[in-house]
Amino acid sequence: MTDQIWDKFLPVKYQTLSPYQWTPISVVLSTWEYLREEKVSSVVDLGSGVGKFCLNLARVSEHQFPILGIEDRKELFQIADSLREKWNFKKVKFEHGNFLKEFPYGYSHYYCFNPLYETMKASHSIDGSKDKSAILFIQNLQLLKNHFLNCKIGTKIITYHGFGGSTLPGFKVLLKKELEFGEWMVWERV
């Protein structure tokens, strides 16, 4: 699978956002290289968009563990879920919801492709539905950090282009790589 092939499964208006909003296949492969050596019971993608990370991770891992994607935009959730149904991926589930309001505790691994970026910046936005302000960004960032802090010891957070902040209290950095298009990190709850 390549990014170009993947994009062809999307409505045209979302294909052009792919380099900015959907996790590149190369990052999915880097994440799988890490996860294959881990004890993974489950993975959740916070802000799963059109499902690119979840569906491709399921494909490359040969469906070894359950994967959940949470997306607050109904149209993106519907696209992801329709692709999941089309390919009959039984261990992938998508939910339409806001992970800041209803955080999915209990997963062994969380993935974030800078899910708060759109509340701070206007460039490459998916649509105009998100309010943008520095205050909102900081409030949401603190809320996300609090959720992460409430995760059990040993929980791993995998970030691509960060989670929105540069430090994560209660976590240590296990891995840090500069990939072709951005920074990829693994954090562990201590």
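## Salt bridges

D81, R84 and E85 are joined in a network of salt bridges, a salt bridge being a side-chain nitrogen of Lys or Arg within 4 Å of a carboxyl oxygen of Asp or Glu. Helices (H or I, at least four residues) and strands (E, at least two) are DSSP runs, numbered from the N terminus. R84 and D81 are both buried; buried means under 20% relative accessible area, exposed over 50%, and partly exposed in between (1.4 Å probe, protein chains only).

By this rule the count comes to seven salt bridges. One of them is formed by the side chains of K52 and D3, at 2.6 Å from N to O. This pair links distant parts of the chain, with K52 in helix α5 (residues 52–60) and D3 in helix α1, 49 residues apart. K52 is buried, at 1% relative accessibility, whereas D3 is partly exposed, at 23%. A further salt bridge brings together the side chains of E183 and K176, at 3.4 Å from N to O. E183 counts as partly exposed because its relative accessible area is 25%, and K176 counts as exposed because its value is 57%.

## Basis of the model

The model is predicted: local features need pLDDT of at least 70, side-chain atom pairs count only at pLDDT 80 or more, and totals for chains, interfaces and linings use all residues. Residues are numbered from 1 along each chain as its sequence is written, and side-chain values use heavy atoms, with hydrogens and water left out.

## The second largest pocket

The second largest pocket holds about 170 Å³ of space. On a 1 Å grid over the protein atoms alone, a pocket is an open set of points where a 1.4 Å probe fits, with protein on both sides within 12 Å along at least five of seven lines; lining residues have an atom within 4 Å of a point. Grid points are joined across faces, edges and corners, and the volume is the space filled by probe spheres set on the points.

The lining consists of D3, Q4, D7, S18, P19, W22, P24, K52 and F181. Both D3 and K52, the partners of a salt bridge, are therefore part of the lining by the 4 Å rule. Helices α1 (3–7) and α3 (18–21) each supply at least two lining residues, and α1 gives the most, with three. By residue type, the lining divides into four nonpolar, two polar and three charged. Here Ala, Val, Leu, Ile, Met, Phe, Trp, Tyr, Cys and Pro count as nonpolar, Asp, Glu, Lys and Arg as charged, and the others, Gly among them, as polar.

## Helix α7

Helix α7 (residues 134–149) has 16 residues and reaches 22 Å from its first C-alpha to its last, close to the 22 Å expected at 1.5 Å a residue; the expected span is 1.5 Å times one less than the number of residues. Its buried residues are F137, N140, L141, L144, K145, H147 and F148. They lie on the same side of α7, because they cover an arc of only 155 degrees around the axis, taken from the directions from the helix axis to the C-beta atoms. On the other side of α7, I135 and I138 are exposed.

## Strand β3

V92 lies in strand β3 (residues 92–96) and is buried, at 3% relative accessibility. Its C-alpha atom is separated by 7.8 Å from that of G69, 23 residues apart along the chain.
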